[in-house]
Amino acid sequence: MSSPFVLRLDACTDRFLAGGKAAGLARLLAEGFPVPPGLCLTVEAYRQFLRDQQMDAEALWRQVQDAKGTARASVLKDCRKRIQQGRLSGECLAELERHLEILRRPIDQRWAVRSSATNEDETHASFAGLYHTELGVAGDQLAASVQAVWASLWDEQVATYYERIGWSDRPPAMAVVMQPVLDARAAGVLYTVHPVTGRDDQVVVNVVPGLAAGLVDGTMTPDQFSLQWDASTSRASVQERVIAKKDRAMRLGAVGILDQALDPSERERPSVTDEELEALVQLGKRVEAALHQPVDIEWALDRQGLWLLQARPVTVMPTEAPPERAVCEWSRTNFKETMPDVPSPLGISFLEQFMDLFLMGPYRRLGCQIPRGMSSVRIYRGRPYLNVSLMYALIEQLRGDPSTLAEHMGGHTVSRPLPIKRLSPVALLRAGLLVAWWIRLAARQSERWFADMKQMGLENHREAVQALTLVQVRERIQALNEEFLRREITFGIAGGVTQCLQALGFLLPHWLGEDWRGLLNAALQGQAQAISAQQIVRLAELVEVARREEPVQRLFESADWDGQAAGQMLRGTQFWGLFEQYLADYGHRGLGESDIMSPRFADQPEIVLEVLRHQINAPTAQSPAQIMARQRRVREQGCAAIRARCGRVRWTVFSWWYRRLCRFFALREANRHHLMYYAGATRRLLLRAGALLTERGLLDQAEDVFFIRVEEQLPLLSLEARDWRALVESRRQARARDIETVAPDQLIDGSEDTSTECSPDATGWRGVPISAGFATGPARMIRTLEDWKKVTPGDILVAPVIDPGMAPLFGIAAGLVVEMGGTLSHGAIIAREYGLPAVANIPGITIAVRDGEVVELDAAAGVVRRREPTQDRPLSNDVS
C-alpha cells in the first residue's frame with residue numbers, strides 16, 4: 001500500500017513520513033495537550049512532487065555538498081526556482097481538498113503553513129528558524145504556499161547549518177503542516193530550562209502581543225521574563241522582567257495577517273500577566289515531563305486559552321548535568337576595549353562567530369570540555385559579556401593558573417569556580433604539543449598573513465569599491481570571509497604572549513621582589529616593535545614638520561580653527577603629504593574598531609588633526625628624538641635593575657623569555673593592526689552594498705547594512721524577498737533603547753547588577769600597573785570622540801577602558817587611568833610600549849574622580865591619588 005499524501009495531525013506518528021514538527025505535535029495531542037487541529041502534507045507528497053519535476057534529490061544534494069561559495073548558491077537557487085515554478089499533481093490536490101472538507105473550517109479560513117522536515121526538531125539539531133513559514137494563507141493559495149515552504153529546504157542557510165553540524169548522506173525531505181491561524185492576543189517562546197546555563201530551575205519566556213511571527217523572524221523585540229521554578233510546589237515566580245517598548249502587533253484579520261499599530265497605553269505594558277506566565281510555565285513543565293527532556297515551546301494565547309504550536313528539544317543542553325548548579329560570572333572585559341558601548345547587530349554576530357570558531361574551537365581541539373549549553377558570550381542590554389567562569393574552567397582543565405586571568409584581561413576574579421575535570425597527563429602532553437605547534441605556526445606565518453591582509457585592504461580601496469555591482473560586492477565579501485576563516489592565527493599569538501607572562505609571573509616575584517611588575521613594564525618600553533605605538537612617534541614627526549612650515553603652523557594656531565575645512569587648506573604642503581601617508585598606514589584604525597559599523601580615522605581625519613593641533617600649540621610637546629631617548633633611558637634603567645638583582649644565570653633565563661615576550665607582544669598588535677585592514681575592506685564593501693540596496697528600495701540608507709547579522713548577509717545581498725527595512729528598523733529601535741540603559745561591567749547568573757566601585761584606601765585607589773612612571777595632572781574624562789577635543793597637554797586621561805584607537809591621545813597625555821583592563825589588552829601594550837604611565841582595573845574611577853580634578857599616578861605601584869596642585873610642584877609626567 002502506498003504512503004498517503006495527506007494525514008490528520010493526530011495521525012502523524014511516523015516522523016519519517018510526517019517530519020519532526022508534525023510528529024511532535026501528534027505526540028502532544030496524544031498526551032492531551034492543547035494543539036490546534038490541522039493537516040500534514042506528507043514527505044511522500046514532496047517526493048512525488050520532485051519526481052514529477054524530474055528532480056533527482058540525491059544527485060542535487062551531492063552537488064550542494066561538493067560546491068562552494070557562489071557555485072553552491074547557484075545550485076540551491078536553481079532548486080528553489082524549479083520547486084516554486086512546478087505544480088502539485090491532481091491526485092495530491094484532490095486528497096488535500098477532501099481532508100480540508102473533513103475539518104469543516106469556514107470557507108474564509110486563513111491558514112498557517114509551516115515546515116516539518118525529516119531533520120527538524122531533533123535532539124542534536126533543531127534547524128530552528130531556517131525553514132519558511134507562511135501565515136494568513138487563503139484556501140486557494142495553499143498549494144503555492146506549500147511549494148514555497150518546500151523550496152526553503154534548499155536555502156543557503158540550511159546548507160551552512162549542515163556544514164557546521166555535519167552533512168547527512170541522504171538529502172532531507174519535508175512534510176508541511178497546515179493549521180488554522182489563531183486570533184492570538186499574545187504569543188512567544190518558552191524555554192523549560194535556562195537556554196544558556198541549562199539550569200532546570202530557571203525558565204525563560206519571550207512574549208510579543210499578537211502572533212509571534214515578528215519574534216521568530218527577529219523584526220520585533222519581545223518582553224523577556226526569567227522565572228524561578230520550584231519543583232516541590234509546581235510554582236513559578238518572576239525573577240526578572242525586561243519589558244520592550246512595542247509599537248505594533250501582527251494580528252489575524254479578514255484579509256489575512258495585519259500589522260497593526262498598538263494603542264499608546266499598550267506599548268510599554270507587559271504582553272501577559274504574571275498569572276498567565278505561571279500557567280504557561282506549569283504547562284511547559286508538564287510537556288517537559290511528558291517528553292522526558294527539556295524543550296523550547298512556541299505557544300499562543302487567544303480567547304479560548306493557551307495553545308501549543310511546537311515543542312522541540314533544547315539542543316544546547318549539557319550532555320551531563322554538573323554536580324552543582326552552574327552559576328556563571330560574566331564580564332565586559334576585553335570586549336568593551338575594542339567595541340562601542342552598544343555594538344551593532346553585525347558587530348555582535350561577528351563577535352559570537354569569532355569567539356566560537358577561534359577561541360572555543362581551539363580549546364575543544366585541545367581536549368577541553370565545554371558544557372553544551374554554556375556559551376562564551378552573553379548579550380545583556382545590548383552589550384556583549386565574556387563568560388569568565390568558563391575561561392577559568394578552561395585554564396584549570398589545562399592545569400594552568402587562572403588566578404592571573406583578571407590581571408591579564410582585566411575585570412574581576414571569579415568567586416565561584418565551575419566544577420571541572422582536569423586533563424589526564426597524556427591528554428595534557430598532547431595539548432601542550434599542539435599549543436606549541438600553533439605558537440610556532442603563528443610566528444612563522446604571521447608576516448605573510450599580515451601582508452595578505454594589508455593587500456585585501458589596498459585592493460578594496462574606496463574608489464575601487466564604488467565601481468562594483470551588487471554581485472561583485474557579494475563575491476568579494478565571500479572571498480574575504482573565506483580567506484579570513486582559513487588563515488586566522490589569533491589563538492597561537494595569544495598563546496605565545498600568555499606562555500611568556502605565565503613564565504615570568506612565576507619567576508620574577510622570587511627573583512626581583514614585590515616591584516617586579518614595575519621593573520618589567522619599564523624594560524618593555526620603546527622596543528619599536530608594537531606597530532600601534534609607532535603611530536604616536538609618527539604624529540610627533542608631523543608636529544615637527546608643521547612647526548617648520550610657517551603657513552601650516554599659523555593655520556593650526558588660528559582662533560578660527562575648523563578641522564573639517566583645514567584639510568582643503570593644507571593640501572599641497574609637506575605636512576599634508578606626510579599626513580596622507582599617516583592615514584594610508586593608520587587610517588583604517590578607530591575607536592570601537594572591532595565593530596565594522598565604527599567609523600575609521602580615514603572617515604573623520606579632523607579628529608586626528610585636532611589632536612595634532614594641541615601638540616603643535618603645546619610648548620612641551622616632545623620631538624620624536626626626545627620620545628625615543630626617553631624610552632631608551634627608561635628601558636635601559638629597567639633592564640639594568642633586573643640584571644643587578646638576577647645574577648648571570650637568572651639574567652640569561654630572563655633574557656630569553658623577555659625577547660620572546662617582546663616578539664609576541666609585537667605580533668599581537670601587528671595582528672590587530674592588520675585584521676583592521678580586513679575590517680576596513682569589509683566596511684567599504686558593505687557600505688557600497690548598502691547604497692545599491694537603498695537604490696533598490698530594500699534598505700532606507702546605506703548604514704542599515706550594519707543592522708544585518710553575519711548569517712543574514714548572503715540572503716540580503718542575493719536579494720532574497722524579506723522585509724529587510726522592517727527588520728532594520730526594529731533592531732535600530734532596540735539598539736537605541738539599549739543605549740539609553742545602564743549596564744554593569746560584571747554579571748552573575750541570577751543576580752544581574754553586580755558592578756562595584758573601588759573605594760580608595762589610605763594610599764589611594766589601587767589597580768593593575770600597566771606602564772611604569774609617575775604623573776600628576778588634571779583628570780580628563782574620555783567617553784566619546786567629542787571628549788577628545790577637551791584634552792590638553794599634561795592631562796591624565798580617565799576612561800572606562802583603554803581602547804587601542806585612543807593611541808593618538810597618548811602623545812599629549814601625562815597619564816592614563818581606566819576602570820577595566822589588564823596587561824594583555826591591546827591598549828595596555830601600546831601605552832607600555834610608548835611609556836605612558838597607566839593604571840587599569842579601578843572600578844568606578846570615572847564616577848569617583850571629577851573632570852578637571854588633579855590626580856597623581858604612581859603607575860609602577862598601580863596607585864592613583866587625589867591631590868591639589870601647588871606652586872612649588874608643577875604638573876608633570878616623570879617616567880624616569
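Strand 20 and strand 24 (residues 854-858) run antiparallel and are joined by 5 bridges, two strands being taken as paired if DSSP finds at least two bridges between them. The model is a predicted one, in which local features need pLDDT of at least 70 and side-chain atom pairs count only at pLDDT 80 or more, whereas totals for chains, interfaces and linings use all residues. Residues are numbered from 1 along each chain as its sequence is written, and side-chain values use heavy atoms, with hydrogens and water left out. Helices (H or I, at least four residues) and strands (E, at least two) are DSSP runs numbered from the N terminus.

Leaving aside neighbours within four places in sequence, Phe579 is in contact (heavy atoms within 4.5 Å) with Leu542, Pro605, Val608, Leu609 and Leu612. Phe579 also belongs to a cluster linked by ring pairs, together with Phe556, Trp561, Phe575, Trp576, Tyr582 and Tyr586.

A search of the whole structure finds 23 aromatic pairs, in which rings of Phe, Tyr and Trp (its six-membered ring) have centres within 6.5 Å, with planes under 30 degrees apart counted as stacked, over 60 as edge-to-face and the rest as tilted. The ring centres of Trp61 and Trp154 lie 6.1 Å apart with their planes at 80°, so this pair is edge-to-face. The pair links distant parts of the chain, 93 residues apart, with Trp61 in helix 3 (residues 57-66) and Trp154 in the loop between helix 6 (142-151) and helix 7 (156-165). Trp61 is buried at 3% relative accessibility, and Trp154 is buried at 2%. Phe484 and Tyr678 form a stacked pair, 4.6 Å centre to centre with 10° between the planes, which links helix 16 (residues 470-487) to helix 25 across 194 residues. Phe484 is buried, with a relative accessible area of 4%, and Tyr678 is likewise buried, at 5%.

Helix 25 (residues 648-695) also holds Asn671, which is buried with a relative accessible area of 4%. Neighbours within four places in sequence aside, Asn671 is in contact with Phe450, Met453, Glu488, Ile489, Thr490 and Ile493.

The axes of helix 24 (residues 624-646) and helix 25 come within 7 Å and cross at roughly 140°, axes being lines fitted to C-alpha atoms, for helices over the stretch in contact, and angles running from 0 to 180 degrees between N-to-C directions. Helix 24 and helix 25 are therefore oblique to each other, given that angles under 35 degrees count as roughly parallel, over 145 as roughly antiparallel, 65 to 115 as roughly perpendicular and the rest as oblique. Arg635, Cys639, Ile642, Arg643 and Cys646 of helix 24 meet Arg648, Arg650, Trp651, Phe654 and Tyr658 of helix 25.

Notes
Buried means under 20% relative accessible area, exposed over 50%, partly exposed in between (1.4 Å probe, protein chains only).
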